[in-house]
Amino acid sequence: MAPVVCDPEVSGAVVVDKTDTNPVVGIFGGTFDPVHNGHVDVAGRASKLFDKLIIGIYDSPPKNLLFNTEERVEMFSKSVIDKKNIDVIPFSGLAVDFAI
């Protein structure tokens, strides 16, 4: 995986070493119940930093949900349909296990 380092010259900037041939993958996880413009904005910005961005929709959080998992996946997928390097998929269990 390509190293990711903070650029000390620019506050909050992230520099990705693109000389590595392995794709750089980012994960953005949450319940997204419902997805809103803030989520979509973060996803759009993150999609510019990574070769591929995976949006993980947590399927069974310990709270009351407005929408079921399939509806949340569909809503987020439609919200980022113009971003070709974003995949929206459901997951269960720990986020760290999902990342592996």
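In this predicted model, Glu74 counts as partly exposed, at 43% relative accessibility. Its side chain meets that of Lys78 in a salt bridge, with 2.9 Å from N to O. Lys78 is exposed, and its relative accessible area is 57%. Both residues belong to helix H2, where they stand four residues apart and are therefore separated by about one helical turn.

Asp41, with a relative accessible area of 38%, is partly exposed.

In total, the structure holds four salt bridges. Another of them joins Lys83 to Asp82, whose closest N and O atoms are 3.7 Å apart. Lys83 is partly exposed, at a relative accessible area of 28%, whereas Asp82 is exposed, at 54%. In general terms, side chains of opposite charge can pair when their charged atoms come close.

| Residues | Distance, N to O |
|---|---|
| Glu74 and Lys78 | 2.9 Å |
| Lys83 and Asp82 | 3.7 Å |

The report now turns to the strands. Why is strand E4 largely enclosed by the rest of the structure? Strand E4 covers residues 52–58, and five of its seven residues are buried, so the strand is largely enclosed.

Strand E4 pairs with strand E3, residues 25–30, in the parallel sense, over six bridges. Within this pairing, Ile27 has Ile54 of E4 as its bridge partner. Between E3 and E4 the chain passes through helix H1, residues 37–47, in a β-α-β crossover that is right-handed.

Strand E4 also pairs with strand E5, residues 86–91; this pairing is parallel and comprises six bridges. Here Gly56 stands opposite Ile89 in E5. The path of the chain from E4 to E5 leads through helix H2, residues 69–79, and this β-α-β crossover is right-handed.

The last topic is the aromatic side chains. How many aromatic pairs are there? The count comes to five. One of these is the pair of Phe28 and Phe32, which is edge-to-face, with 5.1 Å centre to centre and 75° between the planes. Phe28 and Phe32 are both buried. Together with Phe76, they form one aromatic cluster.

Another pair consists of Phe91 and Phe98, and this one is stacked: the centres are 4.4 Å apart and the planes 20° apart. The class follows from the angle, because planes under 30 degrees apart count as stacked. Phe91 is buried, since its relative accessible area of 8% lies under the 20% cut-off.

Methods: Residues numbered from 1 in each chain as written. Predicted model: local features only at pLDDT ≥ 70, side-chain atom pairs only at ≥ 80, totals over all residues. Heavy atoms only, no water. Buried < 20%, exposed > 50% of the residue type's maximum accessible area, 1.4 Å probe, protein only. Helix = DSSP H or I, 4+ residues; strand = E, 2+ residues; numbered from the N terminus. Pairing = 2+ DSSP bridges. Right-handed = clockwise from strand over helix to strand, strands pointing away. Phe/Tyr/Trp six-rings, centres within 6.5 Å; stacked < 30°, edge-to-face > 60°.
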